[in-house]
Amino acid sequence: MVYNEIGKTGMRVANLAFGASSLGGVFRSIREEEGIQAVHTAVEHGINFIDVSPYYGHLKAETVLGKALKDIPRDKYYLSTKVGRYGKDGVNSWDYSARRATESVYESMERLNVDYIDLINVHDIEFQAAMDGGLQKLVDETLPALVELRDKGVVRHVGITDLQPENLKWVVEHSPAGTVESILNFCHYSLNDDMLTDYLDFFEQHGIGVINASPFSMGLLSQRGTPDWHPAPEALKDACHRAAAYCQQKGYPIEKLAIQFSTSLNPRIATTLFSSANPQNVLKNIAYVNEPLDRQLVSEVQAIIGDQMRVRWKNS
């Protein structure tokens, strides 16, 4: 794999990274032992960036990941988690206050069995955009709390995440220089949507690293298809289903094409997160990254998706 620096953080990470949402059973139920082995397999084969959140599985993902990290030397990986989005007993909740953000960091460190976090992110900021105070609350309250933890060495770097890249841009524009060091955007640098490229110049000019997530667009670009909760419109789901069938006819799984597309075509994106609690799938995706991309097939698949490219949809 290729290793790139996330902005100016000094963190050099593989172009494929491990997203731990699957450890919380976000996409389907898992066996905990298998999930732990998936983490070990990823690190043993060169993946050195792991991303999680207390929201994933409503604390379960962090708990399972913490068990896995007990057996991995701390210098073998960079660890990212989040604040702001939570859940308990199947009910989602959001709290972007400074107090809750600070508490959440220490709670995450305990679950993860670490004494510092490499990258702390404000999670899915579009939800705060719809709440009292809007995105300005992140600038005035949430981010300063995380910067204070950075100054204390509790966290090393500060970032923000969202589905909507325009929200990420707004927060960077309205925050003091150096506050935001990285952004994480998902489903907008994949076979069916490359909207993130419209914002790369802006983030680069501000010295901000770019992390991509969900090369499979949360199941759109897969043979299995989307989970019931997926927020994409039906027309886009149908187009991606046709694209998956076409790839299958070609003997080239759409998952392979999708992950190769997201990791190989744009070096300005430091890394791309995928998630799997299956060790064999982890190995398969690593192998995909190390094989050449079929660019002709990319063009054919994108033609099938056609006018559904870049269709906007809201997070759920």
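Predicted model: local features only at pLDDT ≥ 70, side-chain atom pairs only at ≥ 80, totals over all residues.

Colleague: Start with strands. Which way do S3 and S12 run, and how many bridges join them?

Modeller: Strands here are DSSP runs of E with at least two residues, helices are runs of H or I with at least four, and both are numbered from the N terminus. Two strands pair if DSSP finds at least two bridges between them. S3 and S12 run parallel, joined by three bridges, and Ala17 has Leu273 in S12 as its bridge partner. Strand S11 (residues 209-213) is also parallel to S12, again with three bridges; there, Ala213 is partnered by Leu273.

Colleague: Are the faces of S12 buried or exposed?

Modeller: Buried means under 20% relative accessible area, exposed means over 50%, and partly exposed is in between (1.4 Å probe, protein chains only). Thr271 and Leu273 on one side of S12, and Thr272 and Phe274 on the other, are all buried.

Colleague: And how many aromatic pairs are there in the whole structure?

Modeller: A pair of aromatic rings is described by the distance of the centres and the angle of the planes. Rings of Phe, Tyr and Trp (its six-membered ring) pair if their centres lie within 6.5 Å; planes under 30 degrees apart are stacked, over 60 edge-to-face, and the rest tilted. The search of the whole structure turns up five pairs. One of them is Phe18 with Phe274, edge-to-face at 6.1 Å centre to centre and 85° between the planes. Phe18 is in strand S3 (residues 16-19) and Phe274 in strand S12, so this pair ties together parts 256 residues apart in sequence. Both Phe18 and Phe274 are buried.

Colleague: Which charged ends sit over rings?

Modeller: The test is NZ of Lys or CZ of Arg within 6 Å of the ring centre and within 35 degrees of the ring normal. Arg156 has its charged end over the ring of Tyr116, 3.8 Å from the centre. Lys169 does likewise over Phe202, at 4.9 Å.

Colleague: What lines the largest cavity?

Modeller: Rolling a probe the size of a water molecule over the atoms shows where empty space is left. On a 1 Å grid over the protein atoms alone, a cavity is a set of points where a 1.4 Å probe fits but cannot get out; a pocket is an open set with protein on both sides within 12 Å along at least five of seven lines, and lining residues have an atom within 4 Å of a point. The largest cavity is lined by Asn15, Ser262, Thr263, Asn266, Ile269, Ala270, Thr271 and Thr272. Helix H9 (254-264) and strand S12 (271-274) are the elements giving two or more residues to that lining.

Colleague: Last one: where does His58 lie?

Modeller: Most residues other than glycine have a negative phi, and most peptide bonds are trans. His58 has a phi near 50°, a positive value in a residue other than glycine. His58 lies in the loop between strand S4 (49-51) and helix H2 (60-69), and is partly exposed, at 21% relative accessible area.

Notes:
Residues numbered from 1 in each chain as written. Heavy atoms only, no water.
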